[in-house]
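Subject: Structure for your files

Hello,

Here is the structure we spoke about. My notes on it follow below.

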Amino acid sequence: MSETRFDPSVADGRWQRAWAEAGSFRADSQSPKPKAYILEMFPYPSGRIHMGHVRNYTMGDVLARYLKMRGAEVLHPMGWDAFGMPAENAAMEKGVHPGDWTRANIAQMKAQLQRLGFALDWSREFATCDPEYYGHEQALFLDLYEAGLVYRKESTVNWDPVDMTVLANEQVIDGKGWRSGAEVEKRKLSQWFLKITDFAEELLQGLESLENWPEKVRLMQENWIGKSQGLEFSFDLSDGATLPVYTTRPDTIFGASFVAIAADHPIAQRLGEGDPKIAAFIAECQKGATTAAALETAEKLGYRTALTARHPFTGAPLPVFIANFVLMEYGTGAVMGVPGHDQRDFEFASKYGLPILRVVARDPSEADAPFAREAEAGDGVIVNSDFLDGMSVAAAKQAVIARAEAEGWGRGTTVWRLRDWGVSRQRYWGTPIPFIHCEACGVVPVPRDQLPVTLPEDVTFDIPGNPLERHPTWKHVACPQCGKPALRETDTLDTFVDSSWYFLRFASQPADKPFDPEEVAKWLPVKHYIGGIEHAILHLLYARFWTRALARIGKLNLTEPFAALFTQGMVTHETYSRIDAARGVPVFYGPEEVSRTAEGATLIADGAPVEIGRVIKMSKSKKNVVDPDAIIARHGADAVRWFMLSDSPPERDLPWSDAGIEGCARFVQRLWRLFKAHDPAATGEDQALARKAHQTIAAVAGDIEALAFNKAVARIYELAGAIEKAAPSASRSEAIRTLAQLIAPMMPHLAEEAWAAMGNTGLVAESAWPEADPALLVEDEVTIAVQHMGKLRDTVTAPKGADRATLEALALAAPNLQRSLAGAPVRKVIVVPDRLVNIVT
RNA sequence: GCGGGCGUGGCGGAAUGGCAGACGCCGGGGACUUAAAAUCCCCUGAGCUUGGCUCGUGCGGGUUCGAGUCCCGCCGCCCGCACCA
């Protein structure tokens, strides 16, 4: 122990090699120990890891290392979500093959992760772009097809006519393609769908069992699934047709004053064919964004058609509008408008001068009360509604549904917001969908013995369109049924399919099938699943669905894959910018270009100030990124890991700061000095320090189990401070040894270095977590707050567990309390044992 | 628009309804040093008539012996809302 400083550039690599050689983190499914599967959402191999990854994987690593020390057999794997658009973008921009680009990125990122010393079982590593993986995925897709859970239907996509490609919503900016700038068209394509709606009720019910998921995520999924119950019925139209509508408020049916249909409703389309003005209005509606948020914020627009609809009870003719706020995808694409009790309808009716009728009131006496500036969507009693008058909203709903069903013109239905999952992507870099289109036989599955259907390597991205589509030979195959020339499906699977079962493959990797259900049962469900909140809905819902679907077809005995979910916050950083005088737009500068002091920031290049902007998520466009590699090279892995765990609660955003990481690096050295002071020969007891050490063992364990890493960090700072202040003793040496173990999950390299230097044999990573002595956890003296009328006046020291009378007497004797009382008579004394005494006068 | 979350020192944040500000960062003062770095010690919510008192957890009310915490009403900020991963 001669070094004066801990040198991570030497120690980090030494211990990383030691763990690898010892196979410390290989998960053994045969082990008799209790199993714990710790999983962080696997990364997309974009090229370099970013601080968000570092934070995510550090949290999982602390749990994995801690649970190992607590005696668990831990599975903590890592792999790559390797298909997706960025690889194709890179191919177009740099002329590099998506596969080459992806594999180079994986190699680079793996090395980066290894430099952070994560306790990962690399023997289970795979990438979703490995033909072995996506071949198994194709087999699973065929299984689901055979079970009737996969089908094809026409669906509308964003089509870029210049790039000849389908665009994601985020690639459509102001109605134009992000790359080409061309006006985006809506196009109908025949696409593949998974029947997730078959599982809507199950997925909704299943949320209740996910007690260790954030309430927020469960609520988001619940809203996404969007179960609603109401009435479906048809209006008779003035032209003799019928118009089915769906409403969740059948109780307000007597308040209907118009009917509205979606712009892409078949009736609207039909009317548009005969009337250029209607056609123009429909085109206008389709121009804008189509997300629910955009539609509901946009001004309500309608076109009054010549049609009227006959009210089922009153027979009154209601005008039929084509309206921009009605969604074809939800319900029947048509609604009855009740302006008095629906805000959208209210705005629409106000704009077009339609009657606003009151059918719900707080009290029957207010049946004719006027409306304020908005609809009244709340509960109340039904008025102005014939046979419904006097009923509650809930009773009236049932009454209308019952009447409609009895009279045969409508029925109570459940409508879901959840739609089937469209998995077709007209792109190259994804899992080929294993089907063949034959003119004679139709859609034919690829025979199992011909899997995997692999991607052709010889493709280029220099011209627009899908390379699979224009490849000279790849799609031309013989029909497996009739043998005649046929065409391969050229769509590939949504990458969310790849991430819907990867956690099963980590647990078990047979060559001849996707996974072995018995092996899976040993590890699943995942004990802690950690990732970003951005996956709250899609990925997590799809993975839950995929698990249930595989269970339904008998491939798996599992309903929920993730027992506990944790969503960590983002890593943020200040932004530095100046307004470009010529163009009037901000120009951003990276942290490495800027000199930051307590007073402000200046650009190193010219010494003039730059503006310090908001602290936001690290992003390339704002240039506020800090590269983990540079930080590791400078401060070592442990300082970075410690920073990731310090201060901010893990679910909240973590603001990166240079001062903060420097503080962490200083603490690493401070601990090293402390470890060097370990003296195995020291004798004598230090009760107070021993107590502190054992309290810290229990507290840190509790904090890690609650994922409150910031609190565990604070505890460790406190213990380190206490050890530094203490005089040498056997207790102190013991506390120092304990400290090395407590930091082992968080700062594993320093912990190993210290552990070895103290003369321990074996790796601290494989040592048993210290036992907290219950006798040392409780204090024998406590400080009691002495209050007068709820205000703190003094404190007294009392033995732990002292009775009420003792505490009251001690408190009343406290000099500052006496001064405050000033002789006033005591009316009441409140005693909270071991905490406080409050005197009321 | 709908749904959800969050507001505590200069900053990140602690606090089963019971001593508000643990712990860290920044800042200030001191020790050591020829000097610096490193390290160590002390101070660090605001105000005041400073051995102590008053105020203080976004704002306004309420419940309670006692409210950052519970209830009611506001204000502000952030996130999600179906082809990015």
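**Salt bridges and packing**

Arg448 counts as partly exposed, because its relative accessibility is 37%. This is a predicted model, so please read the notes with that in mind.

Arg448 and Asp143 meet through their side chains in a salt bridge, 2.7 Å from N to O. The partners come from distant parts of the chain, 305 residues apart: Arg448 is in the loop between β20 (442-445) and α13 (467-470), and Asp143 is in helix α5. Asp143 has a relative accessible area of 11% and is therefore buried, the cut-off being under 20%. Leaving aside residues up to four places away in sequence, Asp143 touches Ile553 and Lys555 as well as Arg448.

Helix α5 (residues 131-146) takes part in another salt bridge, in which the side chains of Glu132 and Arg505 meet at 3.0 Å, N to O. Here Glu132 in helix α5 is linked to Arg505 in helix α15 (residues 502-507), 373 residues apart. Glu132 is partly exposed at 46% relative accessibility, whereas Arg505 is buried at 4%.

Lys800 also forms a salt bridge, with Asp834, and the closest N and O atoms are 4.0 Å apart. Lys800 lies in the loop between β35 (791-799) and α26 (804-813), and Asp834 in the loop between β36 (828-832) and β37 (836-840), so the pair ties together parts that are 34 residues apart in sequence. Both residues are partly exposed, Lys800 with a relative accessible area of 42% and Asp834 with 24%.

The whole structure holds 37 salt bridges. A network of salt bridges links Asp198, Glu202, Arg544, Arg548, Arg552 and Glu560.

On helix packing, the axes of α3 (residues 85-94) and α4 (residues 98-115) come within 8 Å and cross at roughly 115°, which means that α3 is roughly perpendicular to α4. The crossing is right-handed. From α3, Pro86, Ala87, Ala90, Ala91 and Lys94 meet Pro98, Trp101 and Thr102 of α4. Of the residues in this contact, six are nonpolar, one is polar and one is charged.

Helix α24 (residues 748-757) is mostly covered, with eight of its 10 residues buried. Among the buried ones are His749, Glu752, Glu753 and Trp755. The buried residues of α24 pack against α1 (8-22), α2 (51-69), α19 (637-645), α20 (658-676) and α23 (730-743). After α24 comes Gly759, with a positive phi near 90°.

Regards

Methods:
Residues numbered from 1 in each chain as written. Chains lettered and ligands numbered in written order. Predicted model: local features only at pLDDT ≥ 70, side-chain atom pairs only at ≥ 80, totals over all residues. Heavy atoms only, no water. Axes fitted to C-alpha atoms, helices over the stretch in contact; angles between N-to-C directions. Helix = DSSP H or I, 4+ residues; strand = E, 2+ residues; numbered from the N terminus. Parallel < 35°, antiparallel > 145°, perpendicular 65-115°, else oblique. Left-handed = near helix turned anticlockwise from the far one by under 90°. Contact = heavy atoms within 4.5 Å. Nonpolar A, V, L, I, M, F, W, Y, C, P; charged D, E, K, R; others polar. Buried < 20%, exposed > 50% of the residue type's maximum accessible area, 1.4 Å probe, protein only.
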